[in-house]
Amino acid sequence: MLLLFSFIFPTEGDFFVPGILLCPKTISSNMTSNSNLSNMRRLVEQLKLEASVERIKVSQAAAELQQYCLQNAGKDALLVGVPTGSNPFREPRSCAVV
Amino acid sequence: FSLCLYLISPLVPEMATQEVQLNETLSHLKTESDTLKTKLEEERAKLHDVELHQVAEKVDGLGQFVMKTRRTLKGHGNKVLCMDWCKDKRRIVSSSQDGKVIVWDAFTTNKEHAVTMPCTWVMACAYAPSGCAVACGGLDNKCSVYPLSLDKNENLAAKKKSVAMHTNYLSACSFTNSDMQILTSSGDGTCALWDVESGQLLQSFHGHAADVLCLDLAPSETGNTFVSGGCDKKANVWDMRSGQCIQSFETHESDINSVRYYPSGDAFASGSDDATCRLYDLRADREVAIYSKESIIFGVSSVDFSLSGRLLFGGYNDYTINVWDVLKGTRVSILFGHENRVSTLRVSPDGTAFCSGSWDHTLRV
């Protein structure tokens, strides 16, 4: 029994305030600190992940975007327009029912 | 009884020291996260050697554009909040504040189906790739899938399937490449991937600090990622399989209302309440262009690219649609016609037209 108590007693513990009153507060702030801690840990992990992403130069990325645009410009109806005959929205056409 | 006191009170200093330790770790982690953030910015800045419009200087400018409203779809009783095209390039589904979800034939302007949802403010709707079903949701916190039947007399509401459940309003939904899975984003700050058949949650995506307002799936060739934008001013790119956020961009000054992938999948655009649209390149991991003018002060509600990615259409809260030259960063055209703010805008799958929905109860093609 003595051993048990010596195990619990810290070396300079001389708080005689009723522990029951203090404990719940410390426990809950402990828990919020814990959740803050885990949030922060997650944030740090996420930032590490994002920092390690492989990046290319903006000039290269921009050149590739431009190339894609120019390559597909011919097919872009909103850019170059469609021949009047084939525009499905041009005018309400009457369909011949075959 | 002193024995009792001794039992309990020693725990207090123990916890006090524990708390001190925790605080130290917390501040340690905070400094680490701050250093990482600065390092991230530095790494991104290192590769920022040129602006997009500088690279595009040698490209021919675009001529004057004449885009006319070809069809006006009337029928909603209240503000149109969202719309989507069917892969057949002619059908459109739209949802409205009056709780109605209507499927239109854009060529004839006929209404093909109409469903009344049990809630008002249906903020999200999507067409299934097969064209056989539509998904919608809003203030009911759920995403429901309605199979479309050819029988006009059949009551669509009876066949409804509730797929997603969130703890706050549904802001956006989209089918993945098949009819079997739906991706949703919600005001509860999360995105989620669901299996339509079983209603099971397949993957959830946590990371936004506030409501998620929009999402867009990467074009099929480029893999399993999607981008989401939210009220925390961040646009996050996620891996659908792992649930991880792989990239994050925070340069907007206000809520991001709309995100859309560039047709090649290497970049995405976002539209925000700060009245700007921005283009972010995924491989350069940074913002590469801002589309704004001092005269534009109203927020952007919706953005979409033309087929080649050369044009960016933005629907604004000042009732107009601005058309931007993506490469040069200049405005090409302003389209007038709506009598209230433009809430949603989508280019048709084959790029021949685009549809805009507005708070003036109509849709224009």
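B:Thr109 is partly exposed, with a relative accessible area of 29%. Here buried means under 20% relative accessible area, exposed over 50%, and partly exposed in between, with a 1.4 Å probe and protein chains only. The model is predicted: local features need pLDDT of at least 70, side-chain atom pairs count only at pLDDT 80 or more, and totals for chains, interfaces and linings use all residues. Residues are numbered from 1 along each chain as its sequence is written, chains are lettered from A and ligands numbered from 1 in the order in which they are written, and side-chain values use heavy atoms, with hydrogens and water left out.

B:Thr109 sits in the loop between β4 (100–105) and β5 (110–116) of chain B. Helices (H or I, at least four residues) and strands (E, at least two) are DSSP runs, numbered from the N terminus. B:Thr109 is not a glycine, yet its phi is positive, at about 65°. Most residues other than glycine have a negative phi. B:Lys89 also has a positive phi, near 65°, and is a residue other than glycine. B:Lys89 belongs to the loop between β2 (80–85) and β3 (91–96) of chain B. Its relative accessible area is 36%, so B:Lys89 is partly exposed.

Chain B holds 3 helices and 28 strands. Its C-alpha atoms fill a box of roughly 90 × 60 × 35 Å along the principal axes. Of its 365 residues, 56% count as buried. Contact means heavy atoms within 4.5 Å. Among chain B contacts between residues at least 6 apart in sequence, 44% join residues at least 24 apart. Chain A has 4 helices and 0 strands. Its elements run α-α-α-α from the N terminus on. Buried residues make up 28% of its 98 residues.

The largest nonpolar core has 27 residues. A nonpolar core is a set of buried Ala, Val, Leu, Ile, Met, Phe, Trp, Tyr and Cys residues joined through side-chain atoms within 4.5 Å. B:Leu52, B:Cys277, B:Leu279, B:Tyr291 and B:Leu312 touch the most other members. Elements of both chains each supply at least two residues of this core: α3 (58–72) of chain A, and β19 (267–272), β20 (277–281), β21, β22 (300–305) and β23 (311–316) of chain B. The largest share, 5 residues, comes from α3(A). Apart from this core lies another, of 16 residues, among them B:Ala124, B:Ala128, B:Cys143 and B:Ala192. Residues up to four places away in sequence aside, B:Leu279 touches residues including A:Leu65, B:Leu52, B:Phe268, B:Tyr291 and B:Phe305.

B:Leu47 lies in the loop between α2 and α3 (52–55) of chain B. B:Leu47 is buried because its relative accessible area is 19%. Not counting residues up to four places away in sequence, B:Leu47 touches A:Arg55, A:Ile56, A:Lys57 and A:Val58. The C-alpha atoms of B:Leu47 and B:Arg286 are separated by 9.3 Å, although these residues are 239 apart along the chain.

The second largest pocket has a volume of about 960 Å³. On a 1 Å grid over the protein atoms alone, a pocket is an open set of points with protein on both sides within 12 Å along at least five of seven lines, and lining residues have an atom within 4 Å of a point. Grid points are joined across faces, edges and corners, and a volume is the space filled by probe spheres set on the points. The lining comprises 29 residues, of which A:Leu43, A:Gln46, A:Glu50, B:Lys234 and B:Ser248 lie nearest the pocket centre. Two or more lining residues come from each of α2 (19–51) of chain A and α2 (11–46), β16 (235–239), β17 (245–249) and β21 (286–291) of chain B. With 8 residues, α2(A) gives the most.

B:Ser248 belongs to strand β17 of chain B. Its relative accessible area is 9%, so B:Ser248 is buried. Its side chain makes a polar contact with that of B:Asn236, at 2.8 Å. A polar contact is a pair of N or O atoms within 3.5 Å; within protein, one must be able to donate a hydrogen and the other to accept it, and residues adjacent in sequence count only if both atoms are side-chain atoms. Leaving aside neighbours within four places in sequence, B:Ser248 is in contact with A:Glu50, B:Arg44, B:Lys234, B:Ala235 and B:Asn236.

Notes
1 Å grid on protein atoms, 1.4 Å probe; cavity = no way out; pocket = protein on both sides within 12 Å on 5 of 7 lines; lining within 4 Å.
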